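Have the model open and follow along.

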Amino acid sequence: MVEKKLTHVEVETKANVYFDGRVTSRTCYRADGSKFTLGIITAGSYTFDVGDREVVQLIAGDVEILLPGEKAWRKVAAPDSFEIVSNCKYQIRTTGVAEYLCDYHRD
């Protein structure tokens, strides 16, 4: 579960804007240097390329995901999380607004 208030983090002011602004995030760093993003996904269906392994925790809302190797969409609702392996593509969709925190892990 994501804390309501994050302390001791640095935040990049430039937004990461995807799909004509329908998905946005801000890159953040913890005191130990680990990277994460805080973002919002609005209604739609999106495909993302993944570099480093990602762990996505939903803060609010719900989404459906289709991960590599899976045949069926799977629903994920806040405060649940899901993991995406490195160097792949995955699909995510929502009919509303979902907020998330995504941690990046180098394998």
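A word on the source: the model is predicted, so local features need pLDDT of at least 70 and side-chain atom pairs count only at pLDDT 80 or more, while totals for chains, interfaces and linings use all residues. Residues are numbered from 1 along each chain as its sequence is written, and side-chain values use heavy atoms, with hydrogens and water left out.

Let's begin with the sheet. Four strands make up an open antiparallel sheet, in the order β5-β10-β7-β8. Strands here are DSSP runs of E with at least two residues, numbered from the N terminus, and two of them pair if DSSP finds at least two bridges between them. β5 (44-50) and β8 (74-77) each have a single partner strand, so one side of each has no neighbour in the sheet. Inside the sheet, β7 (residues 62-66) pairs with β10 (residues 88-94) over three bridges; Ile65, for instance, has Ile92 as its bridge partner in β10.

Another joins Lys89 and Asp49 at 3.8 Å between the closest N and O atoms. Lys89 lies in β10 and Asp49 in β5, so the pair ties together parts that are 40 residues apart in sequence. Buried means under 20% relative accessible area, exposed over 50%, and partly exposed in between (1.4 Å probe, protein chains only). By that scale Lys89 is exposed at 53%, and Asp49 is exposed at 58%. Glu64, at 29%, is partly exposed.

Now turn to Leu38, which sits in strand β4 (residues 35-41). With a relative accessible area of 30%, Leu38 is partly exposed.

Are they buried or exposed? Cys28 is buried at 2% relative accessible area, and Cys102 is buried at 3%. A disulfide is a pair of cysteine sulfur atoms within 2.5 Å, and a search of the whole structure finds zero. For Cys28, the nearest cysteine sulfur is that of Cys102, 11 Å away.

Methods. A salt bridge is a side-chain nitrogen of Lys or Arg within 4 Å of a carboxyl oxygen of Asp or Glu.
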